[in-house]
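User: Hi! Could you walk me through this one while I have it open?
Analyst: Happy to, let's bring it up.
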Amino acid sequence: MTVNTFDTTLFRGKVALVTGAAGGIGAAIAGAFADLGAHVIVQDIDAGRLYRRASELSRDGQKTTAISGDLSIPGTADTVFDRALATHDRVDFLINNAGRSWGVATDQITAERTDELLELNFNSVLWLSKRFIAHARAHGEGGSIIQVSSTAGITGFQRRAVYCATKFGVVGLTKVLALDHARDNIRVNAILPHVVETDMFRTVATPQDAATWRAAIPMGRFAQVEDVANLAIFLCSPAASYLTGGLYPVDGGAMAGSFGGE
């Protein structure tokens with residue numbers, strides 16, 4: 001699948017920070033930015049895969065930086081942003097992609113796992129967005145934030161109470177930040193992936209699950225990571241300069257009707 005059709009110099013001299021970028025959606029987004037000339041900072045908890053991905057993103061004249069860390073631990077978001085600025089002095093695009101799902105019956109929800117998921121899926125998004133906005137305002141050049149939420153941020157999924165709550169929170173945060181900082185030329189949008197065919201998905205989904213979920217998607221297929229990366233690139237590009245506060249499902253039409261997945 002073609003990642004994009006933009007000019008390969010589109011983001012030359014710009015810096016993109018992508019969290020959760022060792023694999024899957026984050027790795028695809030980071031690769032798309034690198035292909036268009038950006039310096040890329042990638043973050044992930046999986047240091048081994050992260051450094052391999054950073055090596056794959058190396059381009060002549062472009063700098064790729066890997067920052068390992070666990071965003072489910074309070075304070076890590078600030079550390080990540082500090083290290084990003086120490087390396088590049090600027091960040092033009094923030095892609096808050098790191099996150100984790102959790103499926104459990106309501107009576108099995110625990111405080112420890114809930115706090116962990118809230119910190120990773122919501123708090124780290126808030127703190128990184130806050131740091132980025134302060135930085136962008138100080139430089140006076142604006143910027144773009146992409147929050148990778150989920151269709152679970154606009155509808156409920158069984159056994160996903162805490163996960164859905166975090167993703168609904170990211171959707172609300174996106175809208176408020178867009179309103180608060182439109183005059184600063186800081187655009188904030190959210191991408192809402194549905195079922196994306198990543199390596200993790202292939203590992204956890206049974207053939208029966210996959211067949212059921214695919215049948216409920218009007219376009220009859222799952223999203224590929226490039227589908228999400230294409231949208232992220234567009235939303236950060238000058239072609240989307242009038243777009244902020246938007247929610248963009250990548251779902252093959254699933255949210256146009258209903259989805260019976262679990």
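This is a predicted model: local features need pLDDT of at least 70, side-chain atom pairs count only at pLDDT 80 or more; totals for chains, interfaces and linings use all residues.

User: In which sense do β1 and β2 pair?
Analyst: Parallel, over 5 bridges. Two strands pair if DSSP finds at least two bridges between them. Strands here are DSSP runs of E with at least two residues, helices are runs of H or I with at least four, and both are numbered from the N terminus.

User: And what does Gln43 stand opposite in β3?
Analyst: Ile67. β2 and β3 also pair in the parallel sense, with 5 bridges. From β2 the chain crosses through helix α2 (residues 47-56) to β3, in a right-handed β-α-β crossover. Right-handed means that, with the strands pointing away from the viewer, the path from the first strand over the helix to the second runs clockwise. β1, helix α1 (residues 24-35) and β2 make a right-handed β-α-β unit too.

User: How many residues of β2 are buried?
Analyst: 6 of its 6, where buried means under 20% relative accessible area, exposed over 50% and partly exposed in between, with a 1.4 Å probe and protein chains only. His39, Ile41 and Gln43 point one way from the strand, while Val40, Val42 and Asp44 point the other way.

User: Switching to α3, which residues are buried there?
Analyst: Thr76, Ala77, Val80, Phe81, Ala84 and His88. Looking down the axis of α3, these buried residues fall within an arc of 135 degrees, so they line one face of the helix. That arc is taken from the directions from the helix axis to the C-beta atoms.

User: Why would that spacing work?
Analyst: An α-helix has 3.6 residues a turn, so residues three or four places apart point the same way.

User: What covers the buried residues of α3?
Analyst: The cover includes β1 (15-19), β2 (39-44), β3 (64-68) and α4 (111-139), with contact meaning heavy atoms within 4.5 Å.

User: What comes just after α3?
Analyst: Asp89, which takes a positive phi of about 70 degrees.

User: Last one: where does Gly253 lie?
Analyst: In the segment after β7 (247-250). Gly253 is partly exposed, at a relative accessible area of 28%.

Methods: Residues are numbered from 1 along each chain as its sequence is written. Side-chain values use heavy atoms; hydrogens and water are left out.
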